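Open the model in your viewer and keep the sequence panel beside it. The stops below say what to select next and what is there.

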Amino acid sequence: MKILLMGHPNVGKSVFFNRLTGANVIESNYSGTTVDYTRGYMSLDGKEVEVVDVPGTFSLDPKDRAEEVAVAMLKEAKDAYVICVIDSSKLERGLYLALQIMEEGYSVIIALNMDDVAEDKNIKIDNQKLEQVLGVPVVSTIAIENIGISKVISRLKDAKPVDVEDITVMRAGMNHCGRCGRT
Amino acid sequence: MEKRLNELNFDEEGTVKEIDESLLRQVAGMGVRIGKNVRMTTKQPMKGPVVVEIDKSFTSLGRSMAEKIVVEVKK
């Protein structure tokens with residue numbers, strides 16, 4: 001089993017990685033700190049599981065070297081679990097990438113990281129509703145304070161491939177297609 | 001009134017109306033899509049990038065990208 005940490009640049013994937021594996025990858029408050037990937041191991045139910053810290057990418061259409069690495073990593077690990085780390089205060093654009101990954105048929109779990117930052121900005125997210133709409137587990141986390149990480153792990157087993165066609169945008173009350181940007 | 005995104009003045013708001021086909025997918029992942037409200041927050045000097053606010057978060061775009069995005073300016 002393999003777990004990929006994916007998400008936009010500067011959402012806390014590396015912090016997540018360090019918390020999961022006990023490693024000490026450089027974390028910084030800049031986009032693009034991770035240009036290459038890092039591999040680590042954690043134990044899950046007594047088994048050793050590989051965790052990969054993938055460079056940040058905005059979408060699965062790569063625009064630069066780091067994004068190419070990210071997309072290639074995803075493509076070569078077809079049966080991997082993907083923890084999609086999203087900045088809670090920038091939920092909407094994060095979901096764009098999450099949906100792209102789900103569309104490729106991966107088992108996705110969404111970690112709404114930086115919950116504290118979102119709270120500061122007065123953003124409240126209805127996780128249950130989001131989970132209902134998307135059909136994948138959604139967990140709020142604050143990775144730097146180690147909050148919610150164990151919950152993500154315990155819900156990994158609920159992650160399964162979903163058919164994105166089943167996600168009706170209307171159910172979420174949105175009136176345009178998030179995938180292509182057209183109304 | 002229509003303007004190119006890079007032509008917005010500081011604090012001016014608008015709705016994204018047109019995005020050049022070549023960038024459509026590229027900027028979608030950054031939150032820039034047709035119908036979105038944008039507000040100009042910073043224009044870096046020397047033809048540097050522009051920073052716009054969309055959905056309470058900031059996105060920076062290269063000047064040449066911003067030129068290919070048309071917005072309907074709010075009065």
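Which residues of helix H5 (residues 127–134) of chain A are buried? Select the helix and look for A:Asn127, A:Leu130, A:Val133 and A:Leu134; buried means under 20% relative accessible area, exposed over 50%, and partly exposed in between (1.4 Å probe, protein chains only). These residues lie on the same side of H5(A), because they cover an arc of only 125 degrees around the axis, the arc being that of the directions from the helix axis to the C-beta atoms.

This is a predicted model, in which local features need pLDDT of at least 70, side-chain atom pairs count only at pLDDT 80 or more, and totals for chains, interfaces and linings use all residues. Residues are numbered from 1 along each chain as its sequence is written, chains are lettered from A and ligands numbered from 1 in the order in which they are written, and side-chain values use heavy atoms, with hydrogens and water left out.

Stay with H5(A) and turn to its other side, where A:Gln128 and A:Gln132 are exposed. Now show helix H3 (91–103), strand S5 (107–113) and strand S6 (138–140) of chain A: the buried residues of H5(A) pack against them. After H5(A) comes A:Gly135, with a positive phi near 80 degrees.

Next, colour chain A by secondary structure. It has 6 helices and 6 strands; helices (H or I, at least four residues) and strands (E, at least two) are DSSP runs, numbered from the N terminus. Of the 183 residues in chain A, 51% are buried.

Then show both chains. The contact (heavy atoms within 4.5 Å) takes 18 residues from chain A and 17 residues from chain B. Across this interface there are 3 salt bridges, each a side-chain nitrogen of Lys or Arg within 4 Å of a carboxyl oxygen of Asp or Glu.

Select B:Arg25 and A:Asp61, whose side chains meet in a salt bridge at 3.3 Å, N to O. B:Arg25 is in helix H1 (residues 21–28) of chain B, and A:Asp61 is in the loop between strand S3 (47–53) and helix H2 (65–76) of chain A. B:Arg25 is partly exposed at 39% relative accessible area, and A:Asp61 is partly exposed at 27%.
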